[in-house]
Amino acid sequence: MQRIFRLYVDGMSYSAIAVQLTREGIPCPSAHDATRNPHRNKTAWQQGTVRAILLSPRYTGHEVWNKQRKEERLLDVDDVTLGHRTHMTHNPPEEWIHSNEPAHEAIISPALFDAARTVRTQRARNQGRQERAGRRGARPYALRVRVRCSLCGRKMQPATIRSRVYYRCEYYRCEFKEEEAALYPGLTHPRTVYLREDSVCQALDEWIARAFAPDRLSATIEALTHASAAASSAEPQTSEQIQARQAIKECERRLARYQAAHDAVADPAVVTQWINEAQRDKDAAQKKLDAHPAVTRKKQSPLNAQQIRRITESLGQIAERIQTAAAEKKGLLYEALGVTISYEHATRTATVRSRPSSPYRQSLCPRGESTADDTVVVAQGKLCLEH
């Protein structure tokens, strides 16, 4: 830990420190304590890990409180009867409360931690910005966490690019830096892959709306009727079971990637270690999945064709509502549809799949108004679109 702080104070960035530690063969935290991090990659340092270490005052041996506070925000300022929602907000460092005596053995000195904080503040000031609080931005992105790069399988991160003063485009990008290259040996990946959000959403909205067009409405209602009947008899899953199954799928992707690296020019001993770690993580996730008993729930009555038709007709012009909805509203719709997108950079093709966690969901606006996400009736499907 002292080495990370000293490298940062000496002028290295988060990314440069991550690359340096990976080159030196120093195990990252998830590799050092693999049992507590079965879901994380263990082959390279990431700049986010370096930043988290530099921001944590607990390495000085003192406990810290009051780093966050709760704020109650009204759901609608014009209608207080709708209630409020609790948000966690970061407090500035000067409001943190430190223990008077060390709570555990110190790893670094308080002077070194303060020096790193001074350097971080100075760099932020030199770049004309305030130090970020370490939380996700408030800008809405309709497809956040739903777009993956088909080359490396990682989630593409939302970003805004301005080409003119009054022109802004929302993108999703996959940056393949040197520390990422260590995770995917032998993979040919561009330095940065971009995908525009508006081009995907336009085709996606048209695809969703086509299912409710007059010439397809009867077939859609019939399909939704069968989906609703299947939902009433489907076996429920707990959140732990869902997470365990996702962990198993991620381990299978890692095993396939490491096997490809083993067949290429990568060091067989290193790749074999990665494969063994991925297999242990998969076995641990499988044990968690087998340990959870079956869940029982109250049986839901399926929606019939007449109920689905009434819901559909109450929405009015579905195509217009979807296309004019705000990004945060579309995000809720895409979430209900279980939309996932895989972007192939070489062919400029985005493959969109809809796999709802529940074959149908119905909800109503508490104010009695109707918006794009007030009532959602979904079925499974697949869409390929050209970008």
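Predicted model: local features only at pLDDT ≥ 70, side-chain atom pairs only at ≥ 80, totals over all residues.
Here is a short walk through this structure, from the whole chain down to single residues.

Mean pLDDT for the chain is 76, with 77% of its residues reaching 70 or more. Confidence is highest in β5, at 91, and lowest in strand β12 (residues 375-376), where the mean is 36. Over residues 359-387 pLDDT stays under 50, and for this stretch the model has 86 contacts beyond four places in sequence.

Now for the chain as a whole. Its secondary structure comes to 13 helices and 13 strands. There are 387 residues, of which 35% count as buried. Among contacts with a separation of 6 or more, 64% are between residues 24 or more positions apart. The chain exposes about 23400 Å², and carbon and sulfur atoms supply 50% of that area.

Next, look inside. The largest nonpolar core has 27 residues, and the members that touch the most others are L143, M156, L204, Y334 and I341. Several elements give two or more residues to this core, including β5 (147-149), β7 (167-175), α13 (327-337) and β9 (339-344). Helix α7 gives the most, with five residues. Apart from this core lies another, of 18 residues, with L7, I17, W45 and I53 among them.

Beyond its neighbours within four places in sequence, M156 is in contact with V147, R148 and C149, with Y172, R173 and C174, with V193, Y194 and L195, and with Y343.

Strand β7 also holds E170. Is E170 buried or exposed? Its relative accessible area is 17%, so E170 counts as buried, the cut-off being under 20%. Not counting residues up to four places away in sequence, E170 touches R139, Y141, A159, T160, L195, R196 and E197.

Finally, turn to helix α11 (residues 305-315), whose buried residues are I308, I311, T312 and L315. Why do these residues lie on the same side of α11? They cover an arc of only 95° around the axis, which puts them on one and the same side. At the start of the helix, a side-chain oxygen of N304 reaches to within 3.2 Å of the backbone nitrogen of Q306. Just after α11, G316 takes a positive phi of about 75°.

Technical notes:
Residues numbered from 1 in each chain as written. Heavy atoms only, no water. Core = buried A, V, L, I, M, F, W, Y, C linked by side-chain atoms within 4.5 Å. Buried < 20%, exposed > 50% of the residue type's maximum accessible area, 1.4 Å probe, protein only. Helix = DSSP H or I, 4+ residues; strand = E, 2+ residues; numbered from the N terminus. Contact = heavy atoms within 4.5 Å. Areas by Shrake-Rupley, 256 points an atom, 1.4 Å probe, with all protein chains shown as cover. pLDDT = per-residue confidence, 0-100. Arc of directions from axis to C-beta. Polar contact = N/O pair within 3.5 Å; in protein donor to acceptor, adjacent residues only side chain to side chain.
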